[in-house]
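Open the model in your viewer and keep the selection tool handy. We will go from stop to stop, and at each one you will hear what to select and what is there.

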Amino acid sequence: SRVVKLAVIPGDGIGPEVIAEAEKVLDAAVSGSDVRFESTRFSLGAGRFLETGETLTDADLEAIRSHDAILLGAVGGVPGDPRLKDANIERGLLLKLRFELDHYVNLRPSKLYPGVPGPLAAPGDIDFVVVREGTEGPYVGNGGSIRTGTPHEVANETSVNTAFGVERVVRYAFDLAERRSKKLTLVHKTNVLVHAGGIWKRLVDEVAREHPDVAVDYVHVDAATIYLVTNPDRFDVIVTDNLFGDILTDLAGAVTGGIGLAASGNINPDGAFPSMFEPVHGSAPDIAGQQKADPTAAILSVALLLDHLGLHDESRRVTTAVEDDIASRGSAPRSTAEVGDAIAARLSA
Ligand code: NAD
Ligand code: IPM
Ligand code: MN
């Protein structure tokens, strides 16, 4: 039998609530198969920082690195909490994991499941994947400020785009497009960000020559936000930089029925490091501890995790159970655990 070593980081706020349901569903998905998940829990996030002053120690990172995959709920405290000013949970924990484990593909599928009440009157058939670059762009921390806090302050945050980094994520996106509808859209802002946009456009054009059967399109990011609302069904694979991808995928989540459904994978395609699966949403301090969070995004992240591990049937079964659950959702609100129980029950049936 195959043993998968899973690092579980429930995190803060609704993180532990949605991860409890995700683990329930993971157990149900593999029960009776010859795969066994062996989980190690890591207490990381704003809570851990407030208790110990630690964000992500070298020992934590080494321990996490020795696992086959990572499942993360959400990390981060109440935005603006002064006690967390030095913690830098987002950079020091979440981004550190993505950078250190070379998660250069941030995979964020968006699908409007039948029966989901979305905000669009005529949404069409929404089913696309954002391939968001995960290790470069404006996220790298290549910046600084001088004369900070004075009227003469100068603050820079320089986007870093390497040929190596852009080409590898573009190649991944083309391979994905080959397996899907053979349509790829580059989203950037080449009309203004001529250097960063230039390297993306050139490398997409270059790799496109190796994929003559993939239809390639380019859309400026501002226009992309229009199309995501007016005709999102025009997209299939979107490839874009780290920051544009962050913003587009919250919007994509909103048009496909809410952020409570949006799943993601931080992938190291080469398999040198464990990939990390997490809902797109954050720790939602406004609803934490009330069993109000929708665990579906975390559960669909489990489906992405299973797929990544080559457990395609198990992944498919989780997705189907979620689809069936969504299709049968009434208007009565259910608790976080009730949603998880219902989906797990479909897998055990
Ligand atoms: P958020 O995603 O936590 O919340 C935005 C809104 O969506 C809130 O109204 C929240 O109640 C709602 N929401 C989020 N997830 C939901 C779910 N599963 N079911 C129902 N409603 C849900 O974004 P925020 O408020 O900007 O950030 C809160 C904290 O989370 C911050 O510290 C932020 O840095 C952090 N954050 C972490 C991650 C992560 O761990 N990957 C991602 C985004 C934000
Ligand atoms: C996300 C989040 C993170 C990001 C933050 C919390 C660092 O918004 O996963 O989308 O910007 O990538
Ligand atoms: Mn985000």
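Begin by selecting Ala 284, which lies in the loop between β12 (275–279) and α9. Keep in mind that you are looking at a predicted model. Is Ala 284 buried or exposed? Ala 284 counts as buried, because it has 22 C-beta neighbours inside 10 Å and 20 or more are enough for that label. Now check its backbone: phi is positive, about 40°, although Ala 284 is not a glycine. Most residues other than glycine have a negative phi.

Next, show ligand 1. Ala 284 is one of the closest residues around this ligand, together with Gly 76, Gly 260, His 281 and Gly 282. In total, 22 residues surround ligand 1. Colour them by class and you will find 12 nonpolar, six polar and four charged residues.

Move on to ligand 2. Which residues are around ligand 2? Select Gly 76, Glu 90, Leu 94, Leu 95, Asp 246 and Val 280. Three of the residues in this shell come from α4, the largest share. By class, the shell around ligand 2 has three nonpolar residues, one polar residue and two charged ones.

Stay with helix α4 (residues 89–100) and pick out Arg 98, which is found there. Arg 98 is partly exposed, with 19 other C-beta atoms within 10 Å. Leaving aside residues up to four places away in sequence, Arg 98 touches His 103, Gly 134, Thr 135 and Asn 266.

Asp 102 has a positive phi, near 50°, and is a residue other than glycine. Asp 102 counts as partly exposed, because it has 19 C-beta neighbours inside 10 Å.

Now select four residues together: Arg 98, Arg 108, Arg 132 and Asp 222, which an unreviewed UniProt entry lists under "binding site". They are spread over 125 residues of sequence and are also spread in space, with up to 26.3 Å between C-alpha atoms.

From that group, zoom in on Arg 132 in strand β5 (residues 127–133). Arg 132 is buried, with 28 other C-beta atoms within 10 Å. Not counting residues up to four places away in sequence, its contacts are Asn 106, Arg 108, Thr 240, Asn 242, Gly 245, Asp 246 and Thr 249.

Zoom out and colour by domain: domain 1 covers 1–103 + 262–349, and domain 2 covers 119–255. Their C-alpha centres lie 25 Å apart. Where they touch, domain 1 supplies 10 residues and domain 2 supplies eight residues. On the side of domain 1, α4 gives the most, with four residues. That side divides into five nonpolar, two polar and three charged residues.

For the last stop, look at the largest nonpolar core, which has 91 residues. Which of its members touch the most others? Select Val 25, Leu 71, Val 131, Val 302 and Val 318. Helix α9 (residues 296–308) gives the most to this core, with nine residues. Both domain 1 and domain 2 give residues to the core, so it lies between them.

Definitions and conventions: Residues numbered from 1 in each chain as written. Chains lettered and ligands numbered in written order. Predicted model: local features only at pLDDT ≥ 70, side-chain atom pairs only at ≥ 80, totals over all residues. UniProt positions renumbered as here; feature names shortened; annotations may be inferred. Helix = DSSP H or I, 4+ residues; strand = E, 2+ residues; numbered from the N terminus. Buried ≥ 20, exposed ≤ 12 C-beta atoms within 10 Å, placed from the backbone. Contact = placed C-beta atoms within 7 Å. Near = placed C-beta within 6 Å. Nonpolar A, V, L, I, M, F, W, Y, C, P; charged D, E, K, R; others polar. Domains from an automatic or database assignment. Core = buried A, V, L, I, M, F, W, Y, C linked by C-beta atoms within 7 Å.
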